[in-house]
Amino acid sequence: MHRHKNYKELGQAVVLYPDNYINDIEGEKLEELCDSFLNKGFKKIIIDFSGTDLINSIGISILIGIIDKIKGKKGVILFSGLK
């Protein structure tokens, strides 16, 4: 198990920990992180929002794009820690 500030690898899955406020900049960082794990062959991505208080409309649209990318790679996305 590898644990870094913004993600934790768990076998074939990875848990991502986005910042407190997901806007265009933070959303793009999250999308790049998802892309990097998809390109490494991860098929299950879990986004833990327990440290996130706000997602603006641009952040939501980026999340929708992330969902589409993961579905396109026949992967699974799970959200946890939603407030």
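1. Helices (H or I, at least four residues) and strands (E, at least two) are DSSP runs, numbered from the N terminus. On that basis the protein has two helices and seven strands, and along the sequence they follow the pattern β-β-β-β-α-β-β-α-β. One of these elements, helix α2 (residues 57–72), holds Ile67.

2. On the basis of the values: this is a predicted model, in which local features need pLDDT of at least 70 and side-chain atom pairs count only at pLDDT 80 or more, while totals for chains, interfaces and linings use all residues. Residues are numbered from 1 along each chain as its sequence is written, and side-chain values use heavy atoms, with hydrogens and water left out.

3. Overall dimensions. The radius of gyration is taken over C-alpha atoms, and the globule rule is 2.2 Å times the number of residues to the power 0.38. For 83 residues a compact globule would come near 12 Å, and the protein has 12 Å, so the two agree. Taken along the principal axes, the C-alpha atoms fill a box of roughly 30 × 25 × 20 Å.

4. Accessible areas come from the Shrake-Rupley method with a 1.4 Å probe, and for residues only the protein chains shown count as cover. The accessible surface of the protein is about 5,000 Å², and carbon and sulfur atoms hold 56% of that. Buried means under 20% relative accessible area, exposed over 50%, and partly exposed in between (1.4 Å probe, protein chains only). Buried residues are 37% of the 83 residues.

5. Contact means heavy atoms within 4.5 Å. Of the contacts with a separation of 6 or more, 71% are between residues 24 or more positions apart. Lys and Arg count as positive and Asp and Glu as negative, with His and the chain ends not counted; the place of a charge is NZ of Lys, CZ of Arg, CG of Asp or CD of Glu. There are 12 positive and 11 negative side chains, and the centres of the two sets lie 8 Å apart.

6. Strand β5 (residues 44–48). Four of the five residues of β5 are buried, so this strand is largely enclosed by the rest of the structure. Two strands pair if DSSP finds at least two bridges between them. Strand β3 (residues 13–16) pairs with β5 in the parallel sense over four bridges; Leu16 stands opposite Ile47, and Val15 stands opposite Ile46. Strand β7 (residues 76–80) also runs parallel to β5, joined to β5 by five bridges. There Ile46 has Leu78 as its bridge partner.

7. Strand β3. Both faces of β3 are covered, with Ala13 and Val15 on one side, Val14 and Leu16 on the other, and all of them buried. Besides the parallel pairing with β5, β3 pairs with β2 in the antiparallel sense over four bridges. Glu9 has Val14 as its bridge partner in β3, while Tyr7 stands opposite Leu16.

8. β2 and β3 form a hairpin with two residues between them, and Gly11 in the turn has a positive phi of about 65°.

9. Helix α2. Gly59 lies in this helix and is buried, with a relative accessible area of 0%. Leaving aside neighbours within four places in sequence, Gly59 is in contact with Ile22 and Asn23. The C-alpha atoms of Gly59 and Asn23 are separated by 4.7 Å, although the two residues are 36 residues apart along the chain. Ile67 is partly exposed, with a relative accessible area of 23%. Not counting residues up to four places away in sequence, Ile67 touches Ile77 and Phe79. The C-alpha atoms of Ile67 and Leu78, 11 residues apart along the chain, are separated by 9.4 Å.

10. A backbone angle to check. Lys74 is in the loop between α2 and β7. Lys74 has a positive phi of about 60° although it is not a glycine. Lys74 is also exposed, with a relative accessible area of 73%.
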